Each structure stands twice: as structure tokens, then as C-alpha cells.
Amino acid sequence: MRPLELSIEQEIARAIEGLDLTEARRCYREQNEFVVLDHFFTRPAVDQFLREADLLTPGVNRNDVSGHKQEGRVNFYALLSRAPSILSLYRSPALLTFLSRLVDSPLRLCPENDPQSCILNYYTELGDHIDFHFDRSYYKGKHYTVLVGLVERSERCRLVARVRKHGKTEEIRETRIPMDPGTVVLFNGDKLWHAVTPLGKSEERIILTLQYVTRLETDHSRNCSPT
Ligand SMILES: [Fe+2]
């Protein structure tokens, strides 16, 4: 029997209601604009996103950029026609308002012609990884990355972040973050030095990546790096 479709707006409202926003904002500021929201979304919501991700699996594009990164991804254009729940999440006014309060800046969706605005990342082959990087963008304002864990069947492949204290240059710790289904990570792409460690044999990891900006004007003199 086909599972019942959840209302994504109701799921987002439930998730926001269950969170201590004051504490999340404190962590976010203290960690130089980076925060982990453990199990923010429920398993049924994740399953709904995964059903759409599974349908898109045949269209996964594999990347292998000179050893810097190796992964599969499905970009925004593919999601537009096949992933209504994921798009509802990305475009949710309630989520946008919540994230704006969390980062203390009015956030906007990336333009519709930006293929990286909302993507699925698939780590499915031995050694899939991304080396340390910042998430740079072509936009003039600030640029935020939101990661949503969908599948984390791996012991080796982890998001690794070098966390700094607000206003300090030295790192306070390196943290390995299990992206359990429903867990959300939010950070300022220009501020968090992060990587994904290599996938082991027969492991699998799928992440939904959402991008938000504060300005839509572009500055092509900026160097960009992959998310
Ligand atoms: Fe990244």
C-alpha cells in the first residue's frame, strides 16, 4: 500500500515547535555560525524525501574532480519535475522564516536558474568524499548551507567540521557529525572549513543540500567551490 503523503508545512511546523530556538541561536553564534539540529525531521518525513530521491537515482551524475571530491548528485533542475516534497521543504515560508531568525539575517531562496540551490548528494561508491573546503558562492551577500541527513549507513563517511569560536581564528575542535536521518546542519558557507571523509565498502550516505542567500546579485569575481 502506498504510504500516506505528509504535509511538509505541518512537518516543518512540528519540527520548529519542538526546538529550543534560544539555545539553537546561542550554539550557532558561539560556533561561528554553525549548528547541528539532531533529528530535526521525523522518520516519516525523511522516508517521503527518500521515495523521491530513489526515483531520481537513475539520473545521478557522478563527479570526480582531480581527487578533490568524488560523489554523485542530482541538481535542482531534476528535482523540479520529480521531487515535490523536497521542493516544498526548500521553498517553505515557515522554514525560511525560522532559518532567518536562527542566523539573524533575512534569507532568500537562490534564483530558479541556480542548479545548486537544492541538490541531492549520493555517496555510494568506495572512496566517495569531499576534501576540506568552504562553500563559496557567486552571490554578493552571505550564503548559507543547510544539510539534511537522509541515509547514513556508514561508519567511515562523515561530515567533519573544524569549529571555531565566534570572533576567534583558532579552531576549538574538529568534530565528526553523524548525519542521521532527519538531522540538520546549518552553517555560513564562508565560515565553516569542512569535508566529508571517504566512504567504506558497501556503505551508503545520502544528503539533501539546500542553499540560501541574503542577496540575489551575483559577483562573478568570487571564487566558488563545491558544496
Ligand atoms: Fe561543502
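A residue is called buried when its relative accessible area is under 20%, exposed when that area is over 50%, and partly exposed in between. The structure described here is a predicted model.

In this model, an iron ion is coordinated by three side chains: His133 through NE2, Asp135 through OD and His194 through NE2. The distances from these donors to the metal run from 2.1 to 2.2 Å. Along the chain, the donors follow the spacing H-x1-D-x58-H. His133 lies in strand S6 (residues 129-133) and His194 in strand S11 (residues 193-196), so that distant parts of the chain, 61 residues apart, are linked by this pair. His133 has a relative accessibility of 4% and therefore counts as buried. His194 is also buried, with a relative accessible area of 4%.

Helix H6 (93-103) and strand S7 (143-153) each supply at least two of the lining residues. The largest share, 3 residues, comes from H6.

Charged side chains were considered next. The structure holds 16 salt bridges. One of them joins Glu71 and Arg73, whose closest N and O atoms are 2.8 Å apart. Both partners are buried: Glu71 has a relative accessible area of 0%, and Arg73 has a relative accessibility of 8%.

A salt bridge is also formed by Glu112 and Arg91, with the closest N and O atoms 3.0 Å apart. Glu112 lies in the loop between strand S4 (108-109) and strand S5 (118-123), whereas Arg91 belongs to helix H5 (residues 84-91), so this pair ties together parts that are 21 residues apart in sequence. Glu112 is partly exposed, at 45% relative accessible area, and Arg91 is partly exposed at 35%.

Salt bridges that share partners join Glu23, Arg26 and Glu30 into one network. Glu30 counts as partly exposed at 39% relative accessibility, and Arg26 counts as partly exposed at 37%.

Definitions and conventions
Residues numbered from 1 in each chain as written. Predicted model: local features only at pLDDT ≥ 70, side-chain atom pairs only at ≥ 80, totals over all residues. Heavy atoms only, no water. Donors = N, O, S within 2.8 Å, 3.2 Å for Na, K, Ca; no water. Helix = DSSP H or I, 4+ residues; strand = E, 2+ residues; numbered from the N terminus. Buried < 20%, exposed > 50% of the residue type's maximum accessible area, 1.4 Å probe, protein only. Salt bridge = Lys/Arg side-chain N within 4 Å of Asp/Glu carboxyl O.
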